[in-house]
Amino acid sequence: MKLKQKKPRKKLTLNQRRKIQKSFALSFVFIVLAVMYVPILLIIVFSFTNTRSGRIGDWGGFSMQLYSNMLQNRELMGALGNTLMIAVLSALFATLLGTISAVGIHFLKRRVKAAAKTLNQIIVVNADIVTAVAFMLFFFVIGFRQFGYTTLILAHTMITMPFVILTVSPRLNQLNPSLYDAGLDLGAGPMRTLFKVILPQLIPAMIAAFAIAFTLSVDDFVVTKFNNGGASGLHTLSTYLYTSFKRPNVGQQLRALSSVIFILSFVVLLIINFRAKRKAKKARLPVVAPPTPTTTA
Amino acid sequence: MTQAAAVENKKTKKRRFTFKRHYFAFPYFFLSGLFIVIPLIILFVYAFRGADGGFTFSNFASFFTTPHVLRAMGNSLLIGFATTALCLALAYPVALILANSRFNKTMILVLMFVLPMYINSLLRTLAIKSLFDIMGIENNFWRITIAHVYDFFPFMLLPIYTVLVNMDKSYLEASNDLGGNTLKTWARVTLPLSVPGIVSGILMVFMPTVSMFAVRDIVINREEWPMFGNIIDGMFRTESMYGLGSAYAMILLVMVMVTMVVAGRVNAKRQREVQGK
């Protein structure tokens with residue numbers, strides 16, 4: 001708006017130029033952001049219409065019909081329940097196993113440690129579909145045919161554990177190495193020192209790791225699709241969506257479900273971030289960012 | 001405990017089993033070996049297994065001789081390149097702006113870009129599909145590509161942003177003092193320093209896009225533009241095709257390894273240049 005008021009005569013002052021630059025830069029960012037959020041907003045808006053709205057864009061009048069239909073859809077609610085159960089259990093296993101592993105790896109000798117870290121990268125960098133079919137073949141070859149909770153929880157634990165290790169390891173490196181020796185000097189055994197001295201300091205990292213493992217498990221489609229026993233097998237939200245989003249009534253109910261999930265995750269993440277922001281202010285990094293695979297192993 | 005007693009204690013303990021810290025890594029090696037390495041070995045074995053159960057190279061040969069498989073790989077690569085290029089073209093300027101304290105002083109904008117990562121990606125794909133339908137975007141290639149860009153954008157943005165925001169700002173001041181203008185400073189200082197971020201961004205977008213098939217299945221209605229993932233998915237529906245499917249999966253695995261090696265090389269070279277000068 002300020003740009004309009006003054007027509008530049010000769011040369012803009014440095015200050016003015018900076019203001020113009022800033023408005024251009026920020027409007028670019030806001031346009032990209034808008035494109036990211038428009039589809040989400042569309043879904044939310046068209047979740048408050050009725051079943052006559054065949055597709056998004058057809059407004060059938062305000063109604064909460066889709067929400068009540070969603071709650072009555074047993075398959076959808078079942079898939080949602082499966083998703084949450086598998087995510088909670090596998091994230092729990094992955095966090096516990098991953099943390100213990102990270103501690104063990106931390107104290108390995110250099111060469112073995114490097115090998116362990118490379119091993120850890122396999123799942124992180126591998127294409128999902130390769131991991132998925134490898135799991136499926138493994139269960140097939142050992143003759144385990146009851147694809148369902150067991151296979152999915154096992155597979156999800158294994159695909160999220162590397163991310164737990166990647167989250168916990170940096171924290172271990174930050175710990176004061178003499179703490180362990182102090183524990184031993186004060187008469188605690190190695191086990192007791194680990195559980196009483198080392199582990200308590202890892203709890204914040206473990207919580208973050210659990211959150212990451214949980215999100216990865218909820219978000220997973222490919223590994224679930226190949227290990228859930230096919231179309232008639234156990235469905236999570238992703239696989240249910242994949243097999244039935246074309247059915248008009250399911251498509252409509254998914255709008256309602258998406259809205260609930262969008263709003264819920266936004267609220268939760270905003271709360272977490274603003275709480276943690278004060279602590280992390282110096283780092284200028286988002287607190288809830290999944291670890292990125294390192295390119296140099 | 002006195003010192004002497006402690007020494008005594010140590011001596012007697014030597015004979016017994018003592019727990020060492022790194023023993024905690026043993027369950028890890030066991031689990032990873034059993035559930036990660038062995039499945040990959042099985043995949044490798046199956047890739048050389050014919051429909052009759054005998055050893056054969058024909059699974060790999062069929063990749064090069066079956067036109068629709070090659071076409072699917074072509075589609076996947078094309079969409080992978082397009083998605084990566086678009087993501088980079090959009091994410092780099094955004095990261096540059098967000099990391100510049102003159103334009104952006106708070107974390108809120110960055111957070112806004114990260115938040116969608118935490119929503120199920122298929123739900124997000126369904127959302128962008130509805131936008132395509134409203135806007136009347138019919139072209140299959142663009143539908144698939146834009147949907148992937150929409151899904152993977154934060155994965156390109158975040159590594160680049162992280163590198164840029166952690167960059168030592170005194171380099172920029174030095175460049176300014178030495179007479180470099182904004183463009184020159186960017187080309188000679190910022191861009192070379194942001195290479196690691198770009199590389200890991202590309203890694204997180206390119207191969208995942210090439211191996212993805214669910215996004216395509218949601219945004220496209222007909223049988224057009226099959227992707228390589230669709231071919232592998234199809235193979236694992238019938239038991240006699242497991243060998244073929246494994247071979248195709250191995251091809252993807254090799255591609256992943258090649259991209260990792262190339263990325264590692266680029267980073268190492270960049271590092272040597274930065275340190276050398």
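**Figure 1. Contact between chain B and chain A.** The contact draws 88 residues from chain B and 91 residues from chain A, contact meaning heavy atoms within 4.5 Å. The model is predicted: local features need pLDDT of at least 70 and side-chain atom pairs count only at pLDDT 80 or more, whereas totals for chains, interfaces and linings use all residues. Residues are numbered from 1 along each chain as its sequence is written, chains are lettered from A and ligands numbered from 1 in the order in which they are written, and side-chain values use heavy atoms, with hydrogens and water left out. About 8,600 Å² is buried between chain B and chain A, and carbon and sulfur atoms give 79% of this area; buried area is the accessible area (1.4 Å probe) that two parts lose on being put together, summed over both. R21(B), Y28(B) and Y118(B) supply 10% of the area that chain B buries against chain A, more than any other three residues.

Figure 2. Helix 2 (residues 25-47) of chain B gives the most to the side of chain B that touches chain A, with 15 residues. Helices (H or I, at least four residues) are DSSP runs, numbered from the N terminus. The rule finds 1 salt bridge across this interface, a salt bridge being a side-chain nitrogen of Lys or Arg within 4 Å of a carboxyl oxygen of Asp or Glu.

**Figure 3. Network around D233(B).** The side chain of D233(B) meets that of K225(A) in a salt bridge at 2.7 Å, N to O. A salt bridge also links D233(B) with R237(B), at 2.9 Å, N to O. Through shared partners, K225(A), D233(B) and R237(B) are joined into one network. D233(B) is buried, with a relative accessible area of 4%, whereas R237(B) is exposed at 60%; buried means under 20% relative accessible area, exposed over 50%, and partly exposed in between (1.4 Å probe, protein chains only).

**Figure 4. Salt bridge of E75(A) and R247(A).** The closest N and O atoms of E75(A) and R247(A) are 3.6 Å apart. E75(A) lies in helix 4 (residues 74-106) of chain A and R247(A) in the loop between helix 11 (237-244) and helix 12 (248-280), so the pair ties together parts that are 172 residues apart in sequence. E75(A) is partly exposed, at 46% relative accessibility, and R247(A) is partly exposed at 39%.

**Figure 5. Helix 7 of chain B.** The end C-alpha atoms of this helix (residues 140-166) are 39 Å apart, in agreement with the 39 Å that its 27 residues should span at 1.5 Å a residue; the expected span is 1.5 Å times one less than the number of residues. A kink of about 50 degrees lies at F152(B), shortly before the proline P154(B), the bend being the angle between axes fitted to the seven residues ending there and the seven starting there. Of the 27 residues, 21 are buried, so helix 7 of chain B is largely enclosed by the rest of the structure.

Key: Helices (H or I, at least four residues) and strands (E, at least two) are DSSP runs, numbered from the N terminus.
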